[in-house]
Amino acid sequence: MDITLSQCFLAVDDHDKALAFYRDVLGLEVRNDVGFEGMRWVTVGSPAQPDVNIVLEPPLADPNASPEDRRTMTELMAKGLLRGVIFATDDCDATFERISAGGGEVLQEPVDQPYGVRDCAFRDPAGNMLRFTQPLGR
């Protein structure tokens, strides 16, 4: 039995800002853009991985969520406490330069890690942490 990743979800509070970052800065393609009950989901992905999707969803994408839960989610996003995604790259330094030039909020410049990768980190416009890793020796 094989298990593979198909989709992951990131909460974003402004889909247009998220699209400008994920599409225009990171170079991901837009695969779907759907609205339902006043909410919006945008699916993006790398052209090199057609079977893996990142769904940019509204914070607490549940029409039945309480106002208190929505406030809590908004506060967690504003603090940058939600987890993000780790991307693989074949050139961490070039990736860092491209994202920095595109206005990405730098959390960590490229550095060799003791666990065998060179990586850097950014926050997306919604505060999600994104890491970009390159195996050392490549």
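Biologist: In the hairpin of β2 and β3, which residue takes a positive phi?

Modeller: Glu37, with a phi near 50 degrees. Two residues lie between the strands of that hairpin. Keep in mind that this is a predicted model.

Biologist: How many bridges join β2 to β3?

Modeller: Start with the general idea. Strands of a sheet pair through backbone hydrogen bonds, either parallel or antiparallel. Here, strand β2 (residues 29-36) and β3 run antiparallel, joined by seven bridges.

Biologist: Which strand does β3 join through three bridges?

Modeller: Strand β4 (residues 53-57), again running antiparallel. Find Val42, then its bridge partner Leu56 in β4.

Biologist: Why is β3 largely enclosed by the rest of the structure?

Modeller: Buried means under 20% relative accessible area. Six of the seven residues of β3 (residues 39-45) are buried, so the rest of the structure largely encloses this strand.

Biologist: What is the strand order in the open sheet of four strands?

Modeller: β5-β8-β7-β6, with mixed pairing. β5 (85-88) and β6 (105-112) are at the edges. Each has a single partner strand, so one side of each lacks a neighbour in the sheet. On average, neighbouring strands of this sheet are turned by 15 degrees against each other, direction ignored.

Biologist: How many bridges pair β7 with β8?

Modeller: Seven, in the antiparallel sense, between β7 (residues 117-123) and β8 (residues 129-135). Phe122 has Leu130 in β8 as its bridge partner.

Biologist: Which helix packs on the sheet?

Modeller: Helix α3 (residues 92-101), touching β6, β7 and β8. The direction of α3 makes about 10 degrees with that of β7.

Methods: Residues are numbered from 1 along each chain as its sequence is written. This is a predicted model: local features need pLDDT of at least 70, side-chain atom pairs count only at pLDDT 80 or more; totals for chains, interfaces and linings use all residues. Side-chain values use heavy atoms; hydrogens and water are left out. Buried means under 20% relative accessible area, exposed over 50%, partly exposed in between (1.4 Å probe, protein chains only). Two strands pair if DSSP finds at least two bridges between them. Axes are lines fitted to C-alpha atoms, for helices over the stretch in contact, and angles run from 0 to 180 degrees between N-to-C directions. Contact means heavy atoms within 4.5 Å.
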